[in-house]
Amino acid sequence: MSTKAIHQRAVTASNAKDGFLPSTLKIAGSTILVTSMLGLTALAGGLVGLAMSYRNLPDVRSLKGYVPSETTYIYDINGKVMASLHGEENREVVPLDKISPQLKLAVLAIEDSNFYQHSGVNPVGILRATLVNLREGRTVEGASTLTQQLVKNLFLTPREQISRKVTEAVLAMRVEKLFKKDEILEMYLNQIYWGHNTYGAETAALSYFNKPAADLNLAEAAMMAGIIKAPEKYSPFFDFNAAKRQQAIVLDRMVTLNWISKEEAETTKAQPIKFGHVTSFQQSLSPFVTNTVIKELTDKFGKESVQRGGMRVQSTVDWKLQQLAEDTIRYGSGMLAGQADQLALVAVDPRTHFIKAIVGGVDSRKTSFNRVTQAQRQPGSSFKPFVYYAAFASGRYTPDSVISDSPVSYDDGTGERYFPQNYDRTFKGGMTVRQALAQSRNIPAVVLGQKVGLEKVIDICRVLGIRSPIAPVISLPLGSVDLTPLEMASAYATFASNGWQSDPTAVLQVTDGSGRLMLDNTPQRKLVLDPWATAALVDAMQAVVNSGTGKAAYFGRPAAGKTGTTSSERDIWFAGFVPQLSVAVWAGNDDYTPLGHGVTGGGIMAPIWRDFTSRAMQGQPVLDFTPASKFQRPNAS
């Protein structure tokens, strides 16, 4: 039924004999009726004059640009709803033509059946309410029109005072002069409170009946209209029988108005209803995803806009990969039971630097602390690729260059000598740079760091988007710095893309409730690394997976990566990539206690990395990395 048809039905009903007066009230004497009508006419005229004198009332013209607070929704990259966010009011605004005709009629019937005839104040309604209240000896029926209810909710306090009621009437008449009836009805249906912290017809319909407002049938619409009077009291979630009684009152009123037949009302009363569930609480399929997205949005738009602005946020996260990541963390937690109380995983697409999955801890129900973005931990040997890239970019080294794994010492700047040691406390003499990285030898990494310069290594980290503080200490090539897993995964993603980079993000696009684009994070890629040096590094990092300390990460397709185990045994890592995905996994204790001797990134984290990445790549094409021979080697510097 169109809005025009609803309008016509309301007009027809208003002209029907006794259309708005209950039959029990016809006994009121004609003298009382005439006197009351004359008084009401005088009252209406007085209100018009009063409206001219109320100069300091709220300016109803502000409603022209009024946007009610609205729930923000977060979706995965394929459109699946992952979270809903709201402040005090959980609301989704919809246009009037997206609301069921049955709901419009039911609301008008019980709240303001003369809506399309009055000018903001309804004398007939005032008369009816006056007679009913006199008969009962107390206030049992109100006379406020929909327009009066709207201005009361938007501009006034709920206190029952004569002055407030007069102000309400004045504002209602002003609104009626400024807005069309359909515009007022649309504002009302989107503003009204329906219980359980749900505001507006759309949110209420989704909560009570698990369907949009446009799809409500007459039985559901009548029940929703009956709830308006006292939402918490008449909610079917609290008292089903009370909700059914209210539904019957609405249907009977529609019969009285000749809007539906008695047979239709009785059939509707007997119709079974399938209920939804309370949706007023903030919902999230994955709190770590939600928190990451909220942080980005808050930095960009502010907290209030995120909670009240009705944003539609398309995240970069793939829900299928997110589920795999959470399953992998559970698997890894079992492997490390009694040794590490926390694990974290983040996956980044090298082609876009979009975050595809993020798990910031073992159990988001116990803590919201996101170790992917907030925990700065020492990366150990997984930092070495930054040093090796600097060596290749200098033009003085190739993966086949020979370097010595022999005892060395350096002045640490305090007058003391620093003697780097390998993890196994042995020396292997001359070996290729590729072998040194694959076997995670410490001394060659320290030597290379000194030869290319630690400031150069730090500069490369900055180019790769690492913002954590980095000091140029001699042991920096061994991971003497605190970084986040996201920084590691994003930097490795740039290696995987052969030097192309954009800022990592969990947000692809943001629109408002009307579809207006607010943010577009389409990748703005730029080449930040030398292609030959990057390809040479990837070649060496493949050796880590194929035959080195990270061979437990191998799963049958080209992959590159690096293990990380700190000398204090407080942190273990594996960070690696295939051409389509860069993944970093970390484990440790929040209180920084050691994990225990022999717990290594290669022994524990590489299998965890493989568990996730191998499943994430199922159904994806097997791609190879571009060899260094395709690029020109930089001149020696």
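1. The lining of the second largest pocket splits into 11 nonpolar, 16 polar and 10 charged residues. Here Ala, Val, Leu, Ile, Met, Phe, Trp, Tyr, Cys and Pro count as nonpolar, Asp, Glu, Lys and Arg as charged, and the others, Gly among them, as polar. A pocket is an open set of points on a 1 Å grid over the protein atoms alone, where a 1.4 Å probe fits, with protein on both sides within 12 Å along at least five of seven lines; lining residues have an atom within 4 Å of a point.

2. This is a predicted model: local features need pLDDT of at least 70, side-chain atom pairs count only at pLDDT 80 or more, and totals for chains, interfaces and linings use all residues. Residues are numbered from 1 along each chain as its sequence is written, and side-chain values use heavy atoms, without hydrogens and water.

3. Helix 13 contributes the most to this pocket's lining, with 8 residues. Helices (H or I, at least four residues) and strands (E, at least two) are DSSP runs, numbered from the N terminus.

4. Asparagine 498 sits in the loop between helix 20 and strand 13 (500-501). Asparagine 498 is buried, at 14% relative accessible area (buried: under 20%, 1.4 Å probe, protein chains only). Its side chain reaches the backbone oxygen of proline 531 at 3.5 Å.

5. Strand 14 (residues 507-511) has 4 of its 5 residues buried. Strand 6 (residues 312-315) runs antiparallel to strand 14, joined by 4 bridges. Strand 15 is also antiparallel to strand 14, through 3 bridges. Threonine 511 stands opposite arginine 312 and opposite leucine 517.

Technical notes: Buried means under 20% relative accessible area, exposed over 50%, partly exposed in between (1.4 Å probe, protein chains only). A polar contact is a pair of N or O atoms within 3.5 Å; within protein, one must be able to donate a hydrogen and the other to accept it, and residues adjacent in sequence count only if both atoms are side-chain atoms. Two strands pair if DSSP finds at least two bridges between them.
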